[in-house]
Amino acid sequence: MSETPDDDVVLRLEGVSKVYSGTVAVKQADFDVRRGAVNVLVGENGAGKSTLMKIIAGVESPTHGRILLDGEPVSFANAAAARARGVGMVFQELNLFGNLSVAENIFAARELTRGALGIDHRRQERRAAQFLERLEAGIDPGALVEDLRIGQQQLVEIAKAVAQDARILILDEPTSALSAAEVEVLFRVIADLRARGVAIVYISHRLEELIRIGDFITVLRDGRVTGRARMADVDVGWIVRQMIGSPAKDFAKAEDHAIGAEAFRAEDICLPRLTGGYEVDHVSLSVRKGEILGVYGLMGAGRSEFLDCVMGRRPHATGRIFIDGEAVSERDVTGRIRRGLALIPEDRQREGLVAILSVAANLTMASLSKFLVGFHISSAREQTAIGRAIRDLSIKVADPAMEVASLSGGNQQKVVIGKALMTDPKVLLMDEPSRGIDVGAKAEVFRTMRKLAAQGLGIVFVTSDLGEVLALSDRIAVMSNGRVTALVERAEATEQSLVAASALGHGPGPSPLLETK
Amino acid sequence: MMSAAEGSLGQSAAGSGSLALNLMKLRTFIALFAVLVFFSFAAPNFLSAANLILMSKHVALNAFLAMGMTFVIVTGGIDLSVGSIVGLCAMVAGGLILNGLDLMIGYTVYFNVVEIILITLGVGLLIGAINGLLITRLNVAPFIATLGTLYVARGLALLSSDGATFPNLVGKEEFGTTGYGVLGAGRLFGLPLAIWILIVVALAASYVARFTPIGRHIFAVGGNERAAGLSGIRVARVKLFVYMFSGFCAAIVGLIVSSELMAAHPATGESFELNAIAAAVLGGTSMSGGRGTIGGTIVGAFVIGILSDGLVMMGVSSFWQMVIKGLVIIIAVVVDQAQRRLQQRVALRQMARMG
């Protein structure tokens with residue numbers, strides 16, 4: 001793995017660390033960005049990629065270490081400062097104003113004006129049209145952004161970054177919402193920018209995409225750089241090895257237990273997409289008592305949407321679900337919780353917790369009817385249940401009356417799990433249960449999952465972390481593009497086969513359909 | 001007085017905070033105490049039993065509305081229509097006593113007083129339900145939905161009598177419509193009946209907030225609607241409940257006002273909604289939802305009521321009264337924000353100590 005001469009390096013991170021309250025997101029990372037090249041950054045969810053990029057883009061400042069731009073140490077006070085030095089970034093979450101036109105978005109905060117006479121809309125739209133034409137998007141610069149498809153919005157975001165004449169352009173998962181044809185166009189634009197000497201930092205989960213487009217690759221794992229190479233020197237196997245590290249992450253099966261009869265079955269779950277096609281495409285899955293079914297897939301594969309459909313959160317969803325073999329006719333969340341389903345949502349802050357209420361109130365929120373004497377909530381019963389939940393899940397809290405927002409991420413997650421368990425579920429649906437919590441807390445959450453399975457609960461959990469899905473699951477389903485593309489026993493699953501199945505139907509190239517059922 | 005201000009779930013956090021924090025938490029009580037002490041020196045006769053009872057009667061009207069408003073605001077909404085519901089309900093009661101219900105087929109039905117009170121309460125509940133359905137079913141923003149019913153209810157009140165007053169609601173013996181005045185003028189153990197009703201409704205509301213699922217759900221919905229929905233709470237039902245309760249409280253006020261005056265005027269209750277919001281906010285209800293207590297709101301209503309009555313007794317012009325009232329509300333919210341920040345800092349310090 002030869003090093004290129006240093007003068008190609010336009011930006012260099014040296015020994016950069018970023019500590020958030022309690023968790024270390026990036027540890028002592030070195031990262032070089034070379035001009036006229038596509039610098040790929042890859043790693044699992046939570047490996048620290050986004051944090052590293054936010055540091056480059058000036059959104060976050062590093063706790064330790066330094067940033068060298070053209071060999072000189074710099075520190076960006078904010079994103080605007082970074083932009084002024086030629087660093088542009090396309091965030092994974094779109095940062096567009098839906099209520100403004102495409103052109104207004106592209107020139108947001110640097111409007112073309114006619115002196116004091118206000119914004120020169122016509123010139124803005126003409127310029128915007130030029131950028132959009134290069135992206136072959138067929139987007140009208142006068143259209144409102146909220147009227148565009150997500151993929152088109154992503155192209156607008158890219159046009160916005162390109163329009164800033166960035167020397168360093170960071171693309172965080174730019175293809176996650178693009179169609180195959182749009183991906184091809186994007187790749188042509190990237191090639192064009194590279195030829196003009198722009199340094200591109202490209203982040204993606206889709207390995208075949210990276211291999212096709214990348215020049216240099218850097219792999220992050222748990223906040224550390226674990227591999228650096230020329231793309232020409234490596235293959236998928238190498239990348240996966242660097243990403244996952246030693247094959248056994250430390251949450252291997254604690255206890256073996258018998259797996260019982262079928263607890264839950266979903267048949268033909270479909271969720272139509274607004275723009276045609278399906279977000280969830282005829283998915284059928286089942287889980288047995290005491291079994292953990294891991295659902296692996298990339299972001300946007302329809303995994304969370306599938307759980308939403310099962311939970312009754314999508315009124316347009318079709319399909320049938322069964323619990324203990326009986327059809328569930330209830331269509332709403334309340335009814336399905338009563339039948340024994342419970343969902344741990346992916347976004348704890350927005351959907352899992354009521355941050356301003358106490359730990360106690362959050363725990364019992366979903367199951368108050370259990371503590372009723374007539375119409376009166378019995379404090380004694382409620383307190384007993386709260387105490388038991390805090391003990392069982394070992395939630396670290398001094399006083400259950402404390403606001404739940406004051407807990408650490410891992411303990412907050414346990415509160416969400418505790419809340420779900422208080423409804424006496426038969427099937428637990430967990431969406432990215434380890435997201436946003438540190439390594440120690442992760443292991444504890446996983447131990448809890450195993451324990452619950454041992455008690456006879458059926459668990460369906462969704463993750464985009466290969467190590468997790470392999471270590472925790474009894475059976476693994478892979479979803480891609482709204483479909484189940486593989487369904488295998490744990491023993492038969494390999495990293496390569498899962499990665500391959502998770503890319504089916506995505507991106508460029510033919511999309512063969514493989515149903516291993 | 002209620003024992004309240006504190007004690008709602010989630011507000012009793014970090015008990016061992018600094019002195020400043022505790023003072024801030026008790027700010028509404030301190031404000032109440034301050035206005036009481038101030039006016040007992042500044043205004044003659046302020047502390048006489050007769051005056052205190054009279055003030056309580058004034059306060060009670062606002063306190064009813066403010067209680068309903070508190071639940072609505074805790075869910076993250078607002079109810080602008082309460083003042084108009086007061087007016088409409090006063091007219092409904094007055095019209096039924098005076099003219100009965102004309103069936104348009106040559107017959108007129110007269111109800112007795114108890115029936116009239118129940119019908120009037122029903123009207124309040126109905127308008128509250130309309131508010132709730134507009135907001136939950138048709139997705140109209142609470143501000144707009146209740147602004148609409150504000151106009152509609154007021155218009156109906158005016159239409160009911162062509163803008164005239166229904167005077168002299170003594171009723172007729174043969175229809176059983178006499179005795180309507182008891183509601184406004186009656187006394188029990190020396191206290192006006194209205195105060196007793198207030199105490200009963202306040203205790204009930206406070207109980208509901210703390211010890212019934214619907215009460216807990218109100219706070220959960222206001223704190224995070226999505227999380228509440230995903231926990232199986234029927235968010236639409238909770239919202240419907242709070243707007244209906246608010247309409248119910250407004251109907252009570254309409255009854256009491258018209259009974260006190262023995263007349264129903266269609267402009268009754270104009271701008272009452274603003275006083276109700278002010279009392280709720282003064283009592284620590286957060287406009288962004290999730291926080292608030294019935295006890296706090298009642299204390300808030302007393303602060304506002306005593307402030308305006310006391311200023312009247314001191315002979316301060318009503319123009320200055322408005323300025324002072326506005327300042328008090330603003331200061332209350334500023335202190336509220338300061339308390340939040342301080343509380344967060346204390347909590348963080350505690351966490352740091354715990355490690």
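In this predicted model, chain A holds an open sheet of 4 strands. The strand order is E2-E1-E4-E5, and the pairing is antiparallel. Strand E2 (24-34) and strand E5 (72-74) of chain A form the edges. Each of these two pairs on one side only. From one strand to the next, the twist averages 25°.

Consider the pairing of E1 and E2 in chain A. Strand E1 (residues 9-19) of chain A is joined to E2(A) by 7 bridges. The two strands run antiparallel. A:Val19 stands opposite A:Val24, a residue of E2(A). Helix H1 (residues 49-56) of chain A lies across E1 and E2 of chain A. Its direction makes an angle of about 60° with E2(A).

Next, the domains of chain A. The assignment gives domain 1 (6-244) and domain 2 (260-340 + 425-435 + 453-517). The C-alpha centres of domain 1 and domain 2 of chain A are 31 Å apart. At their contact, 19 residues of domain 1 of chain A meet 16 residues of domain 2 of chain A. On the domain 1 side, helix H6 (180-195), helix H7 (207-213) and helix H8 (236-244) of chain A give two or more residues. H8(A) has the largest share of that side, with 4 residues.

Then the contact between the chains. Chain B puts in 25 residues and chain A 30 residues. On the chain B side, helix H9 (213-223), helix H10 (225-230) and helix H14 (318-354) of chain B each supply at least two residues.

The table gives the make-up by class of two contact sides.

| Side | Nonpolar | Polar | Charged |
|---|---|---|---|
| Chain B, touching chain A | 12 nonpolar residues | 9 polar residues | 4 charged residues |
| Domain 1 of chain A, touching domain 2 of chain A | 7 nonpolar residues | 6 polar residues | 6 charged residues |

One residue of chain B deserves a look. B:Ile331 lies in helix H14 of chain B. Is B:Ile331 buried, partly exposed or exposed? B:Ile331 is partly exposed, because 13 other C-beta atoms lie within 10 Å, while burial needs 20 or more and exposure 12 or fewer. B:Ile331 and B:Leu282 are 49 residues apart along the chain. Their C-alpha atoms are separated by 9.0 Å.

Notes: Residues numbered from 1 in each chain as written. Chains lettered and ligands numbered in written order. Predicted model: local features only at pLDDT ≥ 70, side-chain atom pairs only at ≥ 80, totals over all residues. Contact = placed C-beta atoms within 7 Å. Nonpolar A, V, L, I, M, F, W, Y, C, P; charged D, E, K, R; others polar. Domains from an automatic or database assignment. Pairing = 2+ DSSP bridges. Axes fitted to C-alpha atoms, helices over the stretch in contact; angles between N-to-C directions.
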